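Dear colleague,

Here is the structure I said I would pass on.

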Amino acid sequence: NHGKIYNLVVVGFGGMGSHNAKLAEETGRIAIAGVYDPTEYRMDLARSRGYRAYENFESILDDEEVDIVLIATPNDVHKELSIKSLRAGKHVVCEKPAAVNTTDLLEILRAAEESERLFMVHQNRRWDEDFLIVKDLIAHKKVGDVFHVESRVQGANGIPGDWRQLKAYGGGMLLDWGVHLLDQLLLLTDSKIESVYADLSYILGTEVDDGFTASIKFKNGLSAVIEVGTTNFIKLPRWYVKGTEGTAVIRDWDLSGEIVTRNREVEHVEPKPIQAGKGLTKTMAPPSEESTIRRPIEHVEDLSDNFYVNLVSTLEGASKQAVPNDEVYRVMTLIEAIFESAESNSVIVRDI
Ligand code: NAD
């Protein structure tokens with residue numbers, strides 16, 4: 001915890017802005033130098049927490065004491081605020097999605113390069129334990145070679161808040177939760193994507209998508225279904241993973257779930273037919289207890305630095321950025337293919 005203290009200003013002190021302030025402070029290496037938010041009661045809230053309230057965005061850029069600008073505003077202004085901050089010589093942490101399309105994202109990344117400042121996107125769900133468990137079970141072949149992954153988040157509360165329901169603010173669920181699930185997916189395999197087919201859902205209105213289903217095929221044969229829903233009163237499991245030796249399910253963020261694998265120790269027993277509806281079936285009979293091994297989901301220990309610790313050590317040249325910008329760009333390319341597929345109702349065959 002020794003060394004320079006970096007001064008960070010939070011721009012957009014809503015739900016995530018205030019949460020980020022706490023996370024950054026916890027490192028002991030980042031001080032919150034102040035906050036800017038155009039909404040007066042947000043500024044009052046910031047003052048009540050003892051934070052300095054900047055009068056406007058420009059005064060942050062003029063303040064030489066400020067090292068890092070954290071952008072936690074609605075998505076549409078990420079680009080403008082990021083570029084201005086970078087050009088003023090500040091490092092930038094930007095909430096996801098960094099931008100609403102690849103053109104905007106490229107502009108930000110160029111500004112970061114030109115000004116030789118760090119630009120890092122808060123893809124915090126790279127540290128989620130449910131995801132790390134799936135990554136680990138694929139890497140260690142705990143269900144054999146994985147050939148299919150399903151990753152879902154589903155709620156029944158509609159699209160939250162105000163701006164998330166409006167296109168002009170970069171609303172919609174693909175840009176919101178989608179960017180997390182797609183970012184995680186691309187970390188599960190080294191393979192490139194071959195094709196994408198997607199359907200966006202507009203149950204709640206036509207302004208922005210309230211969810212989506214995307215089927216993604218990788219060149220190495222892996223297939224994935226990524227699904228976000230806000231009209232699901234009963235939800236499907238968070239993760240469903242199929243491998244050549246078994247199946248894993250993680251039902252929720254509480255990590256409930258199980259791994260069931262073939263028992264190689266016993267000889268294969270033909271399943272007995274079961275009554276199913278008005279018929280009999282052997283195909284769909286459950287595997288016998290003896291022929292399978294059933295285990296609970298095992299926790300994985302994550303020894304990596306968290307987001308803000310990594311930010312500090314990257315600034316000091318001691319680590320590589322945990323969320324590299326080329327990976328952020330790749331996810332945005334995939335999001336564009338998903339929008340394109342849904343609009344044209346067709347499979348997008350593209351190297352991603
Ligand atoms: P929010 O509505 O709670 O907060 C946004 C704040 O930004 C509001 O206080 C608003 O007054 C302020 N604002 C609007 N325009 C501004 C401007 N031009 N300059 C400065 N402030 C401005 O929204 P939120 O849920 O906190 O989401 C903010 C961002 O964080 C979004 O990009 C969202 O995608 C992201 N987010 C990330 C996570 C995560 O887990 N990484 C979770 C939630 C939200």
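Phenylalanine 13 is buried, with a relative accessible area of 0%. Please keep in mind that this is a predicted model. Tyrosine 51 also counts as buried, at 11% relative accessibility.

Aromatic pairs

Searching the whole structure gives 4 aromatic pairs. In one of them, the ring centres of phenylalanine 13 and tyrosine 51 are 6.0 Å apart and the planes stand at 85 degrees, so the pair is edge-to-face. Phenylalanine 13 sits in the loop between β1 (6-11) and α1 (15-25), and tyrosine 51 in the loop between α2 (40-48) and α3 (57-62), so this pair ties together parts 38 residues apart in sequence.

Tryptophan 127 and phenylalanine 307 also make an edge-to-face pair, at 6.1 Å centre to centre with 80 degrees between the planes. Here the parts tied together are 180 residues apart in sequence, because tryptophan 127 is in the loop between β5 (119-122) and α6 (129-139) while phenylalanine 307 is in helix α8 (residues 307-315). Tryptophan 127 and phenylalanine 307 are both buried. Ring pairs join Trp127, Phe307 and Tyr308 into a cluster.

Helix contact

Helix α5 (residues 102-115) and helix α9 (residues 325-344) have axes that come within 9 Å and cross at roughly 165 degrees. That angle makes α5 roughly antiparallel to α9. The crossing of α5 past α9 is left-handed. On α5 the contact uses Thr102, Leu105, Leu106 and Leu109, and on α9 it uses Asn325, Val328, Tyr329, Met332, Thr333 and Glu336. These contact residues comprise 6 nonpolar, 3 polar and 1 charged.

Regards

Methods. Residues are numbered from 1 along each chain as its sequence is written. This is a predicted model: local features need pLDDT of at least 70, side-chain atom pairs count only at pLDDT 80 or more; totals for chains, interfaces and linings use all residues. Side-chain values use heavy atoms; hydrogens and water are left out. Axes are lines fitted to C-alpha atoms, for helices over the stretch in contact, and angles run from 0 to 180 degrees between N-to-C directions. Helices (H or I, at least four residues) and strands (E, at least two) are DSSP runs, numbered from the N terminus. Angles under 35 degrees count as roughly parallel, over 145 as roughly antiparallel, 65 to 115 as roughly perpendicular and the rest as oblique. A crossing is left-handed if the near helix is turned anticlockwise from the far one by less than a right angle, and right-handed if clockwise. Contact means heavy atoms within 4.5 Å. Ala, Val, Leu, Ile, Met, Phe, Trp, Tyr, Cys and Pro count as nonpolar, Asp, Glu, Lys and Arg as charged, and the others, Gly among them, as polar. Rings of Phe, Tyr and Trp (its six-membered ring) pair if their centres lie within 6.5 Å; planes under 30 degrees apart count as stacked, over 60 as edge-to-face and the rest as tilted. Buried means under 20% relative accessible area, exposed over 50%, partly exposed in between (1.4 Å probe, protein chains only).
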